[in-house]
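Here is a short note on the model you asked about.

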2 protein chains.
Amino acid sequence: MGVSLKDIAERAGVSLATVSNVVNGYRPVGERSRQRVQRAIDELGYTPNLSARHLRRGRTGLIALAIPELTNPYFAELAEIAIREAGRHGYTLVMENTAAAYDAELSLLNGAQRHVIDGLIFGPVRVGRDEVLARTSDTPLVLIGEGVHDVPHDHIAIDNVAASRRAVQHLMELGRQRIAFIGARVGDESQAAHLRLRGYRAALTEAGLPYRPELVALTAGFGRHDGVRAMRNLLALDEPPDAVFGYNDLIAIGAVRAVLEAGLGVPADIAVVGIDDIEEGRFGTPTLTTIAPDKEKIAHLAVRRLVARIEGAAVTGPLALATPFRLVPRETTGFSSAAGTG
Amino acid sequence: MGVSLKDIAERAGVSLATVSNVVNGYRPVGERSRQRVQRAIDELGYTPNLSARHLRRGRTGLIALAIPELTNPYFAELAEIAIREAGRHGYTLVMENTAAAYDAELSLLNGAQRHVIDGLIFGPVRVGRDEVLARTSDTPLVLIGEGVHDVPHDHIAIDNVAASRRAVQHLMELGRQRIAFIGARVGDESQAAHLRLRGYRAALTEAGLPYRPELVALTAGFGRHDGVRAMRNLLALDEPPDAVFGYNDLIAIGAVRAVLEAGLGVPADIAVVGIDDIEEGRFGTPTLTTIAPDKEKIAHLAVRRLVARIEGAAVTGPLALATPFRLVPRETTGFSSAAGTG
DNA sequence: AGATGCCTCTATAACGTTATAGAAGCGCTC
DNA sequence: GAGCGCTTCTATAACGTTATAGAGGCATCT
């Protein structure tokens, strides 16, 4: 077993409590004692036993990030930032994969983590407003993404309607008229696809273009193959689209591949826009035009909000925070871009 | 605070120890008591306090996966599998990003985790054999990947020499003669690039082709932009290569992009092979020929080995395990492949 | 001088769990 | 009926930490 406070106390000839106070500064300690303790710590190589600390404090120092899948680069990039930020605040982040499964999301929401955690950052996909409202756990919760809205919890996300509208506007500025939407259906009543779909419709309406249901392809998942499959169906239409707005970059990338596989050109025949600005989109051919959310900001805000809640700090301002985004035009909409730029 | 053993004991009218025995079956408990306790648990909704359990048991139930970056899809895919497998064994996996930094790797190796962990799965990049041999921590350790070899620790990886040889052989079977290698240099004395470089050289030698140092481009990192930059340099040669073997898929994808950006064709002018078989390679255009390691097997073995060591089970067989791999021919070497296949 | 206050420091009781030693009850043998 | 062994249970001491109550020393004020 390792070196404990007791060993340090004996070595330094002071009480246990004094050592504890040197270590975590709860009470002031005189200069002479402090130095003696510090020397003993250095000599014996003391590191606090976190299990004991957490038992005593009632906190574990663990926060969970629950996301559908780590293999979606958007979430991997977000997770990487969140891990760093959590570390900066003295917390360790554990990943909880929901695999976009309703049951997994529900039990996570209600506190069935593998480890006891102090707080949860949650990007819901299947679970809706009702489930969040009916939550039984009282662990602090910060929501991210477009899954659930209008609940009494902190919520960090871009303005999905505005972002989608911007993406579709971009396509219309190129003169495209038959613009398709490929997006994940998350359950009929869910708001997720709705927001991006709503932005899509809003943009069309504002421009005086008709909304054509046959150009809206809902998918089962959020991956590249979902985009491929949906695009193949759209290409089989009597009048295929001349542009596609994808729910996210992965779907957009799948759509691009399906178009190219069909022998058509991107953007010559069909222009494509996604959302997320994953690095992959900056290196494929053609490079992918996208809406870039500020991932740093999202992750930072989510972690900080959560930590503030955990530590009981007063959080001022509104619960829901809209983070900035910007349009990054690249080759799939006819803008040149050297690899890795934008 | 939550419900504790004590609450259950009072409710069921038995001692604390009996409740504990019902919960974790250390000692047999009579049928009548067991039922009373079980009912009390169900009624009060007891979940054990893991901090206390870990304090008492001296274990935390946490294992760490230390990898250079989560944004490398290979590691994200590996991590996702490892998280699941760890969960299956009752452990929670925490991610430790080394960012491929020497200091971070060294301190991780020597037990400077943010949280107390029971074991470590480590994919070293900067740190070498010497550092692993000189390790001061005695937390169980399982190495993965090609970073360090010949140390007295469990080690799971593909046979990198054989895999690289296979990749280069594939290029030669297409009739390519000037085959370049783009790979990460991990420090001069490191064995990482050496193994894959060694396989590359072995394949050339076996085929009677000369080894040309100017066709070996070493990179600083493992990302797409490293591949782009290196490829641009290779294209600037008087006699550019007609094929490229990339250290991993990301580098290969960067190389492809650089070739296309230069107005050349893949594979018409330059064929490309990578290693990792990340999903991205199955949806880009052209799709990427690659060496596919068995990621499931790597992650499963690593977790199981580690858990066995932690729990003191006897591990038979050799320390180092070579996991299988296979060549997946796709468009970058002239083989057709529909999106997502292979 | 006595009261008051401020610094330091210490002793100790938790936090919730598990492992150990042993008590109680009961049936069996001699 | 004493002795023994078995099963079932209990009391209790840790595990290493932190928060609370308060003791002791010394200066300052009334």
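**Notes on the DNA surface and the A–B interface**

1. Of the 27 residues around DNA strand D, those that come nearest are A:Leu5, A:Tyr46, A:Arg56, B:Gly30 and B:Ser33; a residue is near a strand if one of its heavy atoms lies within 4 Å of it. Of the atoms of DNA strand D that come within 4 Å of the protein, 66% belong to sugar and phosphate.

2. This is a predicted model, in which local features need pLDDT of at least 70 and side-chain atom pairs count only at pLDDT 80 or more, while totals for chains, interfaces and linings use all residues. Residues are numbered from 1 along each chain as its sequence is written, chains are lettered from A and ligands numbered from 1 in the order in which they are written, and side-chain values use heavy atoms, with hydrogens and water left out.

3. Which atoms of DNA strand D lie by the side chains of A:Tyr46, A:Arg56 and B:Ser33? For A:Tyr46, a polar side-chain atom is 2.4 Å from a phosphate oxygen. For B:Ser33, a side-chain N or O atom is 2.3 Å from a phosphate oxygen. The side chain of A:Arg56 instead has an N or O atom 2.2 Å from a base oxygen.

4. Helices H2 (16-24) and H4 of chain A, with helices H2 (16-24) and H4 (50-57) of chain B, each give two or more residues to the surface near DNA strand D. Helices here are DSSP runs (H or I, at least four residues) and strands are runs of E (at least two), numbered from the N terminus. H4(A) has the largest share, 5 residues.

5. Turning to the protein interface, 46 residues of chain A are in contact with 45 residues of chain B, contact being heavy atoms within 4.5 Å. The area buried between the two chains is about 4,000 Å², with carbon and sulfur atoms giving 61%; this is the accessible area (1.4 Å probe) lost on putting the two parts together, summed over both.

6. The rule finds 4 salt bridges across the interface of chain A and chain B, each a side-chain nitrogen of Lys or Arg within 4 Å of a carboxyl oxygen of Asp or Glu. B:Arg224 forms a salt bridge with A:Glu279, with the closest N and O atoms 3.1 Å apart.

7. On the side of chain A that touches chain B, the elements giving two or more residues are helices H4 (50-57), H5 (73-88), H10 (224-235) and H11 (249-261), and strand S2 (92-97). H5(A) gives the most, with 6 residues.

Definitions and conventions: A polar contact is a pair of N or O atoms within 3.5 Å; within protein, one must be able to donate a hydrogen and the other to accept it, and residues adjacent in sequence count only if both atoms are side-chain atoms.
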